[in-house]
Amino acid sequence: KKKKVTRGVVSGINHGFIQDSNNCLVSGSGNAVYGNNNFIWGANHQGLSGVNNIMQGGFSTQVTNGSGNLYGSVLVGWNNTLSYGSKASLITGRDNEVAKTDHSIVGGFNNDVGNGSSLYENNLVVGKKNQVTSDESIVGGDGNTVTGNRQIVSGFNNDTTGGNSSILSGR
């Protein structure tokens with residue numbers, strides 16, 4: 001029977017919770033977690049609706065939808081998805097997709113910030129081959145694709161679209 005877990009440690013494969021699970025440490029693979037202030041690490045995990053303030057890392061983890069907010073969240077690893085409401089977050093790693101992020105720090109390789117949708121703002125993005133859809137951001141590194149205005153873009157071989165009131169340096 002699926003139950004609510006509060007201040008718990010969950011480890012293993014394919015556990016699921018149908019109620020909010022708060023202040024939990026979850027590790028392993030294929031676990032699904034609803035709730036606030038959780039630390040999720042491993043592979044193929046999902047943080048589902050009502051997720052707030054999550055720390056998530058590993059490989060192919062997802063926060064796919066929800067009614068919560070992700071202020072102050074951390075996403076670390078490879079091929080992770082954060083698909084709603086991130087603000088003031090830290091996202092590092094490779095091949096991560098981050099939608100709707102403002103006031104965040106993103107670092108790594110081939111991360112998609114803004115996930116091809118409307119513009120977001122005030123992000124710091126550093127790394128290589130990142131795709132950035134954001135206004136009023138600072139982007140540095142090599143081979144980044146940047147869309148937006150009022151940007152500072154520095155580095156080598158960056159491609160910019162928009163660029164009104166922006167500073168571009170490098171080649």
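The legends below describe close-up views of a predicted model.

**View 1. An open parallel sheet of eleven strands.** The eleven strands follow one another in the order E1-E2-E4-E6-E9-E12-E15-E18-E20-E22-E24, and their pairing is parallel. Strand E1 (9-13) and strand E24 (167-170) stand at the edges, where each has a single partner strand, so that one side of each is left without a neighbour in the sheet. Averaged over the sheet and with direction ignored, neighbouring strands are turned by 5° against each other.

**View 2. Strand E18 between its two partners, E15 and E20.** In the strand order of the open sheet, E18 stands between E15 and E20. Strand E15 (residues 105-109) runs parallel to E18 and is joined to E18 by five bridges, and within this pairing Gly-108 has Gly-127 of E18 as its bridge partner. Strand E20 (residues 138-142) is likewise paired with E18 in the parallel sense over five bridges; here the bridge partner of Leu-124 is Ile-138 in E20.

**View 3. A nonpolar patch on the surface.** Leu-90, Ile-105, Leu-124, Val-126, Ile-138, Ile-152 and Ile-167 form this patch, and together they have about 570 Å² of accessible area. Leu-90, another member of the patch, lies in E12 and stands opposite Val-74; the strands concerned, E9 (residues 74-78) and E12 (residues 90-94), run parallel and are joined by five bridges.

View 4. The side chain of Ser-137 reaches the backbone nitrogen of Asn-123 at a distance of 2.9 Å.

**View 5. Gly-162 and Gly-148, apart in sequence and brought together in space.** Although 14 residues separate Gly-162 from Gly-148 in sequence, their C-alpha atoms are 5.2 Å apart. Gly-162 is placed in strand E23 (residues 159-162) and is exposed, its relative accessible area being 59%.

View 6. Asn-37 has a phi near 55°, a positive value in a residue that is not glycine, and lies in the loop between strand E3 (32-33) and strand E4 (39-43). With a relative accessible area of 38%, Asn-37 is partly exposed. Arg-150, also not a glycine, has a positive phi of about 55°, and its place is in the loop between strand E21 (145-148) and strand E22 (152-156). The relative accessible area of Arg-150 is 39%, so this arginine is partly exposed.

Methods. Residues are numbered from 1 along each chain as its sequence is written. This is a predicted model: local features need pLDDT of at least 70, side-chain atom pairs count only at pLDDT 80 or more; totals for chains, interfaces and linings use all residues. Side-chain values use heavy atoms; hydrogens and water are left out. Two strands pair if DSSP finds at least two bridges between them. Helices (H or I, at least four residues) and strands (E, at least two) are DSSP runs, numbered from the N terminus. Patches are made of residues with over 30% relative accessible area and no salt bridge: like charges are joined within 9 Å, nonpolar side chains (Val, Leu, Ile, Met, Phe, Trp, Tyr) within 5 Å. Accessible areas come from the Shrake-Rupley method with a 1.4 Å probe; for residues, only the protein chains shown count as cover. A salt bridge is a side-chain nitrogen of Lys or Arg within 4 Å of a carboxyl oxygen of Asp or Glu. Axes are lines fitted to C-alpha atoms, for helices over the stretch in contact, and angles run from 0 to 180 degrees between N-to-C directions. A polar contact is a pair of N or O atoms within 3.5 Å; within protein, one must be able to donate a hydrogen and the other to accept it, and residues adjacent in sequence count only if both atoms are side-chain atoms. Buried means under 20% relative accessible area, exposed over 50%, partly exposed in between (1.4 Å probe, protein chains only).
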